[in-house]
Amino acid sequence: MASKGGFLRNRFLRFRREAVVLFYAFRHPLTPTHLKVASVLLALYLISPFDLIPIMIPFFGLLDDLIIVPLGVSMVAKRLPPEVYQQADQQAGRFIGRYIKRPLLFALVVLLALLLIWAGLLWLFWWLIWG
């Protein structure tokens, strides 16, 4: 039986690959429109400052992002047509092998990028309201 740390690491690595697969599948012409829309909605939910459980509630505020987004990504990836998934998975494997040598560092960079996007959106909102 795998340790809990091994399970979490494997789940993170699977999420990382599935997220890259969705990126490539989004660009594939045979990907159904409803799956493209679901991919965009997942990305918007991830970068949105609004959550089902407010972030101010300790632990549970982050829990929805750590459960809902990976679960949604897995659900969309499983519904891709087999030929689209196969091609996107091959492209994702090449991308990950070439650009993502350290998964945790990559996760940190993505998190920082999301925080910058969120800060930019807040600044834009502030500027539009109180300009």
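Trainee: How far apart are the mean positions of the positive and negative charges of the protein chain?
Mentor: Lys and Arg count as positive and Asp and Glu as negative, while His and the chain ends are not counted. Each charge is placed at NZ of Lys, CZ of Arg, CG of Asp or CD of Glu. For the 14 positive and 6 negative charges of the protein chain, the mean positions are separated by 10 Å.

Trainee: How are residues numbered, and what pLDDT do local features need in this predicted model?
Mentor: Residues are numbered from 1 along each chain as its sequence is written, and side-chain values use heavy atoms, with hydrogens and water left out. This is a predicted model, in which totals for chains, interfaces and linings use all residues, side-chain atom pairs count only at pLDDT 80 or more, and local features need pLDDT of at least 70.

Trainee: Which pattern does the protein chain follow along the sequence?
Mentor: Helices (H or I, at least four residues) and strands (E, at least two) are DSSP runs, numbered from the N terminus. The protein chain has 5 helices and 0 strands. Read along the sequence, the pattern is α-α-α-α-α.

Trainee: What share of the residues in the protein chain is buried?
Mentor: Relative accessible area decides this: buried is under 20%, exposed is over 50%, and partly exposed is in between (1.4 Å probe, protein chains only). Among the 131 residues in the protein chain, the buried share is 26%.

Trainee: Of the contacts between residues at least 6 apart in sequence, what share joins residues at least 24 apart?
Mentor: A contact means heavy atoms within 4.5 Å. Among contacts in the protein chain between residues at least 6 apart, the share joining residues at least 24 apart is 71%.

Trainee: Which residues do salt bridges with shared partners join into one network?
Mentor: A salt bridge is a side-chain nitrogen of Lys or Arg within 4 Å of a carboxyl oxygen of Asp or Glu. The network made through shared partners joins Arg11, Arg14 and Glu18.

Trainee: Is Arg14 buried, partly exposed or exposed?
Mentor: Arg14 and Glu18 both lie in helix α1, 4 residues apart, about one turn of the helix. Glu18 is buried because its relative accessible area is 7%, and Arg11, at 19%, also counts as buried. Arg14 has 46% relative accessibility, so Arg14 counts as partly exposed.

Trainee: What distance separates the C-alpha atoms of Tyr24 and Gln91?
Mentor: Tyr24 lies in helix α1 and counts as buried because its relative accessibility is 16%. Leaving aside neighbours within four places in sequence, Tyr24 is in contact with Ala88, Gln91, Ala92 and Phe95. Tyr24 and Gln91 are 67 residues apart along the chain, and their C-alpha atoms are separated by 7.1 Å.

Trainee: Which residues does His28 contact, leaving aside its neighbours within four places in sequence?
Mentor: His28 lies in the loop between α1 (4–27) and α2 (33–47). His28 counts as buried because its relative accessibility is 13%. Leaving aside neighbours within four places in sequence, His28 is in contact with Lys36, Val84 and Gln87.

Trainee: Is Leu41 buried or exposed?
Mentor: Leu41 is found in helix α2. Its relative accessible area is 53%, so Leu41 is exposed.
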